[in-house]
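User: I would like to go through the pockets, cavities and cores of this model and ask what the labels rest on.

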Amino acid sequence: MTGPRVVQLRAAGTSLVVELTEPVPRVLHWGKDLGELSGAELAALGLTAEAAVLKNSLDTPRRFSIWPAEAEGWSGTPALQGHQGGTATTPRPRLVGTEERDLPDGGGELVVELEDSLSGLDVVVAYRLSGSGILAVQAKVTRRDENAEPYDLADVSTFLPLPSRATEVLDFTGKWCRERSPQRGTLGFGGYVREVRRGKPGLDSPYLVTVGVPGFTFRTGEVWAVHVGWSGNQRYLVERLPEGAGVHARTLGGGELLKPGEIRLGPGETYESPVCYFGWSGDGLDGLADRFHGFVRAGARHSSTPRPLLLNTWEAVYFDHDLERLLALTDLAAKVGVERIVLDDGWFRGRRDDTAGLGDWTVDETVWPHGLAPLADHVHRLGLQFGLWFEPEMVNLDSDLARANPEWILGPSAGLGPTSRHQCVLNLAHTGAWDFLLESISELVSRYRIDYLKWDHNRELHEGVHRGTGGRDRPGVHAQTLALYRLLDALRERHPALEIESCASGGGRVDLGILARTDRVWASDCNDPVERQSIQRWTAQLIPPELIGSHVGAERSHTTGRITADSFRLITALFGHAGIEQDLTRCSSEELERITAWAALYREFRGLLHSGRVVRADLDNDATVLHGVVSADATSGLYCWARLSTSVEGQSGRVRIPGLDPNFTYEVRIRKDVGLPSTHQNSGPAWTVPAVKGWVTMPGVVLAEAGIPLPTLNPEQAMLLEVRRAR
């Protein structure tokens with residue numbers, strides 16, 4: 001007698017093994033690739049998936065299925081929660097069909113179809129393993145046509161099991177100008193839950209919840225992770241019950257956080273959950289990042305063209321839009337090597353400060369009597385691209401739009417709550433508002449041949465409800481998020497070459513849902529290199545450097561007031577999609593020379609920086625950081641060695657240079673294009689003396705395994721190290 005059929009999805013050293021048991025299939029394994037299992041091996045894997053029957057427990061072995069529910073004795077968080085007029089709260093899904101196929105990138109897909117007669121719902125769960133080993137999981141829940149009464153959907157989550165050795169959790173929090181601050185701890189019993197109720201992922205976004213073996217690091221340890229690819233409210237969960245999850249110890253998953261009454265499925269209607277992206281690595285956080293980067297780079301929206309060096313005008317001129325000043329700034333930017341000019345906030349009607357004008361997407365003729373053409377045309381004549389700032393989802397109450405169409409504002413019928421940054425939220429799910437935005441933005445893109453939109457979002461969606469008659473307001477964040485996606489898709493359809501940046505008070509909306517429709521994210525409003533070293537390092541845990549906006553600001557930081565050396569600022573900004581955020585007309589000739597050299601350096605290395613593997617060294621304190629990007633074949637690399645603060649240690653000791661092949665012979669040199677760092681030493685390690693002048697040959701085993709001593713820098717200093725395989 002043969003057992004249930006087993007499906008294996010395998011790619012890039014990872015695998016998912018699903019046993020198609022009835023009534024609901026179960027995951028036998030997710031993690032390291034077990035190889036192409038034989039019939040006997042599959043039988044053994046299935047046999048060992050049967051748990052013990054515990055005392056004072058179910059009379060049959062517990063199982064953890066792909067759609068966990070109380071019907072199978074599961075006392076943890078179920079995959080689906082909801083009701084039909086207060087009934088049908090205990091779903092009993094059963095398997096009705098499966099579909100499997102290979103993917104062109106070397107991965108595979110498994111689609112499982114379930115039906116639940118009790119609740120009148122059909123469920124489809126899709127597992128798509130990419131060629132880089134990232135597993136995308138999505139559920140679709142459909143109300144059957146014959147059921148007239150709506151089904152109130154409270155929660156849909158997708159989960160995968162974790163082994164008992166996964167005991168430590170790493171995720172993120174943050175605030176304005178301190179996004180993606182890591183936090184780490186040991187998991188106990190119960191649920192580790194992160195909920196996002198801001199209407200976007202937020203500045204304190206969990207971002208990527210990673211669970212691993214004790215002591216996992218950038219370079220070592222086994223880790224499992226999930227990212228909810230959704231730009232609205234979210235929920236992440238790691239859960240452990242005393243009885244386990246079948247033979248597994250914990251569950252990891254997430255989905256959209258739904259407000260009560262937000263999703264009411266009528267006959268034939270379908271709810272699609274956000275895609276949850278799961279990743280596993282046996283090589284620590286760098287191995288995990290490498291998988292996600294490969295997945296993102298293989299996406300249809302990912303640009304294959306060099307990422308232009310840009311100048312954004314915000315910290316150069318703020319609201320002071322003077323044409324002659326902006327033309328001079330543009331000319332100087334072109335001379336230093338800038339390839340794209342982005343005109344920030346302040347160009348539209350009534351926008352002399354942040355208290356008025358949002359929503360009136362018409363050029364302010366009192367500031368721009370001839371429209372934006374004099375600047376946009378000048379930018380294009382110089383051979384540069386022209387970009388423009390928008391905040392389409394927001395509206396000032398002091399605007400013609402708000403006065404003419406108050407019903408377009410998202411908020412309760414009882415009256416709007418407090419403003420944030422003097423603004424309210426425009427209801428994108430309102431047809432009139434959506435059409436207005438599409439036509440207004442599209443007309444400006446066409447008229448001025450706009451190449452790039454900086455798309456901002458500066459407040460949270462508190463009381464994000466659609467106004468109903470008689471005070472019957474309905475939650476609206478889900479509809480708002482989908483309307484945003486439709487608007488971005490429609491703009492891209494009309495203007496296929498248009499690029500869009502996702503900004504939200506800095507890095508408040510960084511997720512794979514928004515990045516399926518945009519071309520980069522603004523990681524933070526903070527350009528202080530001390531803060532940026534951490535912000536960019538952890539933003540890159542999910543997305544590759546070419547999607548992370550990283551700008552060099554003025555000597556005194558606009559957000560922290562800290563004064564830093566230009567070499568530190570320039571080197572920090574190099575490791576991303578680089579740009580400039582300062583008034584170049586106020587720079588000295590020496591500063592402009594270094595910025596020009598930095599621009600040339602960016603053009604020299606962006607091919608490597610935007611295609612290679614991000615690597616981060618495991619160091620014994622937080623005062624120093626060593627990170628870099630190495631080519632896929634490990635034949636070239638560029639590294640940043642930086643000191644953020646003082647430390648007790650007088651010198652670094654031997655530091656392993658990550659990502660290199662110990663079997664290769666390399667050449668190493670210190671790049672001094674933007675200047676050398678200030679040091680806290682009388683003389684540096686012996687190898688650095690010739691490395692400042694030219695290439696120094698070193699065995700890969702010394703660099704990668706034994707390690708080399710690095711200079712003792714003063715605080716807030718950085719050094720650039722280039723490595724190539726010896727010829």
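User: How do the residues of the lining of the largest pocket divide into nonpolar, polar and charged?

Analyst: The model is predicted. In the lining of the largest pocket, 17 residues are nonpolar, 9 polar and 6 charged. Gly counts as polar in this scheme, and G299 is one of the lining residues that lie nearest the centre of the pocket. Two or more residues each come from β7 (121–129), β8 (135–143), β19 (275–281) and α2 (284–297).

User: What volume does the largest pocket have, and how much space lies in the second largest pocket?

Analyst: The largest pocket has a volume of about 700 Å³. For the second largest pocket the value is about 560 Å³.

User: Which element gives the most to the lining of the second largest pocket?

Analyst: That is α9, with 5 residues. At least two residues each are supplied by α9 (529–539), β11 (181–186) and β33 (624–630). The lining has 26 residues, and P182, F218, R537, W538 and D622 lie nearest the centre. By class they divide into 12 nonpolar, 7 polar and 7 charged.

User: Why is β33 described as largely enclosed by the rest of the structure?

Analyst: Buried means under 20% relative accessible area. In β33, 7 of the 7 residues are buried, so the strand is largely enclosed by the rest of the structure. This holds for both directions: T624, L626, G628 and V630 point one way, V625, H627 and V629 the other way, and all are buried.

User: What makes β32 and β34 pairing partners of β33?

Analyst: A pair needs at least two bridges, so the bridge counts decide. β32 (residues 613–616) and β33 have 4 bridges in the antiparallel sense, and V614 has V629 as its bridge partner. β33 and β34 (residues 636–643) have 7 bridges, also antiparallel, with T624 opposite R643. Both pairs therefore meet the definition. β33 and β34 form a hairpin with 5 residues between them, and A634 in the turn has a positive phi of about 60°.

User: How many cavities of 30 Å³ or more does the structure hold, and which residues are closest to the centre of the largest?

Analyst: There are 8 such cavities. The largest cavity has a volume of about 150 Å³. It is lined by 15 residues, and Q536, R537, A540, F575 and H627 are the closest to its centre. The elements giving two or more residues to this lining are α9, β32 and β33, and α9 has the largest share, 4 residues. The classes are 7 nonpolar, 5 polar and 3 charged.

User: What makes a space a cavity and not a pocket?

Analyst: In a cavity a 1.4 Å probe fits but cannot get out, whereas a pocket is an open set.

User: Which residues touch the most other members of the largest nonpolar core?

Analyst: They are W30, W67, W347, L584 and W598, in a core of 174 residues. Helix α11 (residues 589–609) gives the most to this core, with 9 residues. Another core, of 26 residues, lies apart from it and includes V615, W687, A691 and M698.

User: What is W598 in contact with, leaving aside its neighbours within four places in sequence?

Analyst: W598 is in contact with L309, V552, L570, A573, L574, A578, G579, I580 and V674. Contact here means heavy atoms within 4.5 Å.

Notes:
Residues numbered from 1 in each chain as written. Predicted model: local features only at pLDDT ≥ 70, side-chain atom pairs only at ≥ 80, totals over all residues. Heavy atoms only, no water. 1 Å grid on protein atoms, 1.4 Å probe; cavity = no way out; pocket = protein on both sides within 12 Å on 5 of 7 lines; lining within 4 Å. Points joined across faces, edges and corners; volume = space filled by probe spheres on them. Buried < 20%, exposed > 50% of the residue type's maximum accessible area, 1.4 Å probe, protein only. Core = buried A, V, L, I, M, F, W, Y, C linked by side-chain atoms within 4.5 Å.
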